[in-house]
Structure formats: structure tokens, C-alpha cells
Amino acid sequence: MGLYLASLLAGLLMGSGLAIAQMINPEKVIAFLDFAGNWDPSLAVVLCAALAVSFIGYRLTIGRDQPLLANAFHIPDRRDIDMPLVAGAAIFGIGWGLGGYCPGPAIGALSLGLWEPLMFVAAMLVGSFLYGLLTRQR
Amino acid sequence: MENFTPYSAAAGGALIGLGAALLLFFNGRIAGISGIINGSLPQPKGDTLWRILFIAGLVLGAGAVVWTTPLAFIPRTGFSPILVIAAGLLVGFGTRMGSGCTSGHGVCGLARMSPRSLIATLTFVATGAVTVFIVRQVVGG
């Protein structure tokens, strides 16, 4: 039960943070990526603040045997750099620059009740599905 | 540097980091949203509910801000639906291939000092910037 409440709470915190930081506004994200134009560094501040808190949280957590409410940690342990990582990130970045949305903010933006985030999220799910198809057929 | 909003950026960012820290400390999970979504497609039993709750929280948390305070920005309208869909496809495809997005790699991965996340983050910021450059400066969009 606590596990589920914690999941909900984590989502609430992230969602409210994304909205307060205006990350659900694609134009603000694009303005950050627009280094050659009217540059808005806000996203950099968002990331730094998020990292600072996340880092503290991470340091407080490792060294524990278990998470507080779950049986085990599910933390990726790969350290190798491979083609899917780089190519995937590159492709993601293109989509991010094109639309101004990444997964979290797009979902948060659904709260605005507009078509655009809805279309984006639907397409995002299809895109993910397509990649799943691709790798399953190997 | 128009529209620079350092205070709300810092406050919002801190909340994002807090949410990630909470999920790690309590659930032992990385708050990588693309991973959380992708993992909620056909899954071993018992693994779906927490994901649904997290995503519901994302929407409700953003909603709590958006529905109760004056919107700090004018939502974009009239943007080409074809571009929105293309962007969504690329983001969905790319985040799955690349095992993460800005929250997974950027907020969580960098905090763990993961070399994979560092490379991923630098890469998607770079291609994101190049894309915006091409659209804005070259195509004039």
C-alpha cells in the first residue's frame, strides 16, 4: 500500500515541478535549445536544481540494503556505451527539438486539455511500440 | 535572454528532483518516465499498478498547478499536427532505443554519475539544439 502511495506522491511531485518550471510549455523548451536565437536558459536551471536534489537523494539511498517500502532496488547497472544508446538519444533529441516535448512534460501537459499533448503522447506510444516490434523480430 | 524564469525553474526543478529521490528511496526505482511507460506495456504481474499511479500523479500534479494558478504561459496553438506526430514518434522510438529520456538520463542518471546517462544527455541536447537551429535559423520556422 505504501509503495503505491509513494509512486503516486513521486508522480505528483514531478508533475507539479514540471508545471511550475513551465516544462510543459514546449515553446519554453525550444527556447532553451535555441542557443543561436533568443536563448532562454531556464531549462538548465531546472535540470541543475533537479540534479542537486536528486543527487542528495541518491547519496542518502545507496548504502541501504533495500528501498524503504520495496524488496529490491531496480537500478540499471550497465556502464557500457553502445549504439542503441547513442542512436536512440540522438533520435529522441531530434523529436524533442522538433516538438518541444519529452515524455514527462508531455504527460503533464495532458492536464491542459489541449489536442497537441494528446497527439504527441499517442504518437509517442506508437513510436515506442514500433521500436519494440523492431527488436522483437531479431 | 528573454523569458528567463530562474526562480520558478529552480523551484520546479527541486520538486522534480524530490519526486525522483522519493521514488528511489521508497520504491527503489528510477524515475525515468519513458522507462516507466514502456515498462507498463505487457509486463510480469504486479508490476503495472505502481506505474499507472506514478503517471496519474504526473498528470494530477501538473493539473494541481495548472488548474489552480494563473497559467504562466500562453499554450501553443496552431502548431503543425504532422510535426507534433512526427516529434512524438521520434521521441517514443528514440527513448526506447536509448533506454531513457530527460528524467531517466538527465535527472536520475547524471545524479548516479552514470557514464551512459552522461553520453545520452549530451547527445540528445546536441541533436535537440541542432534540430531547433535548422528549424529556426535555416528553415525559418
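**View 1. Surroundings of A:Pro67.** Leaving aside residues up to four places away in sequence, A:Pro67 is in contact (heavy atoms within 4.5 Å) with A:Ala72, A:Phe73, B:Leu24, B:Phe25, B:Phe26, B:Asn27 and B:Gly28. This residue lies in the loop between H3 and H4 of chain A, where helices are DSSP runs of H or I with at least four residues, numbered from the N terminus. A:Pro67 counts as buried because its relative accessibility is 3%, the limit being under 20% relative accessible area (1.4 Å probe, protein chains only).

The model is predicted, so local features need pLDDT of at least 70 and side-chain atom pairs pLDDT 80 or more, while totals for chains, interfaces and linings use all residues. Residues are numbered from 1 along each chain as its sequence is written, chains are lettered from A in the order in which they are written, and side-chain values use heavy atoms, without hydrogens and water.

**View 2. The contact between chain A and chain B.** Chain A contributes 103 residues and chain B 102 residues. The two chains bury about 9,300 Å² between them, 75% of it on carbon and sulfur atoms; buried area is the accessible area (1.4 Å probe) that two parts lose on being put together, summed over both.

**View 3. A salt bridge between the chains.** A:Glu116 pairs with B:Arg76 in a salt bridge, with the closest N and O atoms 3.0 Å apart. Such a bridge requires a side-chain nitrogen of Lys or Arg within 4 Å of a carboxyl oxygen of Asp or Glu. Between chain A and chain B there are 3 salt bridges.

Terms used: Helices (H or I, at least four residues) and strands (E, at least two) are DSSP runs, numbered from the N terminus. Buried means under 20% relative accessible area, exposed over 50%, partly exposed in between (1.4 Å probe, protein chains only).
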